[in-house]
Amino acid sequence: QVQLVESGGGLVQAGGSLRLSCAASASLFSINVMGWYRRAPGKQRELVATITSDGSTTYANSVKGRFTIFRDSAKNTMDLQMNSLKPEDTAVYYCHAYRLIDYWGQGTQVTVSS
């Protein structure tokens, strides 16, 4: 069982930055892949970024160059640094982990005003 707790969401103006953090209840060394997903109003959930246990990362085209995913195995946390935010980044952001099965956090709201 892996519990995930997100923090760091909020309201920011376009062009601003936010950093999301996900705290895991298990050692990150035991988790194959972690990532961030988001669901905007009226849209399906989409992948934002992932990071594997060996540090390999992937990003959605829409966030490349603006978002960076980090993983701190000593603290069992995974962060998402979001820069140059756009109104279209407004969504509920979910932390995800895969260790035999999928685990999800409760989500944190990010709102970017124009």
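Is S56 buried or exposed, or does S56 count as partly exposed, and at what relative accessibility? At 40% relative accessibility, S56 counts as partly exposed. That class lies between buried, under 20% relative accessible area, and exposed, over 50% (1.4 Å probe, protein chains only).

This is a predicted model, in which local features need pLDDT of at least 70 and side-chain atom pairs count only at pLDDT 80 or more, while totals for chains, interfaces and linings use all residues. Residues are numbered from 1 along each chain as its sequence is written, and side-chain values use heavy atoms, with hydrogens and water left out.

**Around S56**

S56 sits in the loop between β5 (46-52) and β6 (57-59). Strands here are DSSP runs (E, at least two residues), numbered from the N terminus. Leaving aside residues up to four places away in sequence, S56 touches T50 and I51; contact means heavy atoms within 4.5 Å.

**Strand pairing**

Two strands pair if DSSP finds at least two bridges between them.

| Pair | Sense | Bridges | Opposite residues |
|---|---|---|---|
| β2 (10-13) and β11 | parallel | 4 bridges | V12 and V112 |
| β1 and β3 (18-24) | antiparallel | 4 bridges | S7 and S21 |

In β11 (residues 108-113), T108, V110 and V112 form the covered face, and Q109, T111 and S113 the uncovered one. In a regular strand the side chains alternate between the two faces of the sheet.

An open sheet of 4 strands runs in the order β1-β3-β8-β7, with antiparallel pairing. β1 (4-7) and β7 (67-72) stand at the edges with a single partner strand each, so one side of each has no neighbour in the sheet.

**The aromatic pair**

The whole structure holds 1 aromatic pair. The ring centres of Y37 and W104 are 5.1 Å apart and their planes stand at 70°, so the pair is edge-to-face. Rings of Phe, Tyr and Trp (its six-membered ring) pair if their centres lie within 6.5 Å; planes under 30 degrees apart count as stacked, over 60 as edge-to-face and the rest as tilted. Y37 lies in β4 (residues 33-39) and W104 in β10 (residues 101-104), so the pair ties together parts 67 residues apart in sequence.

W104 is partly exposed, at 33% relative accessible area.
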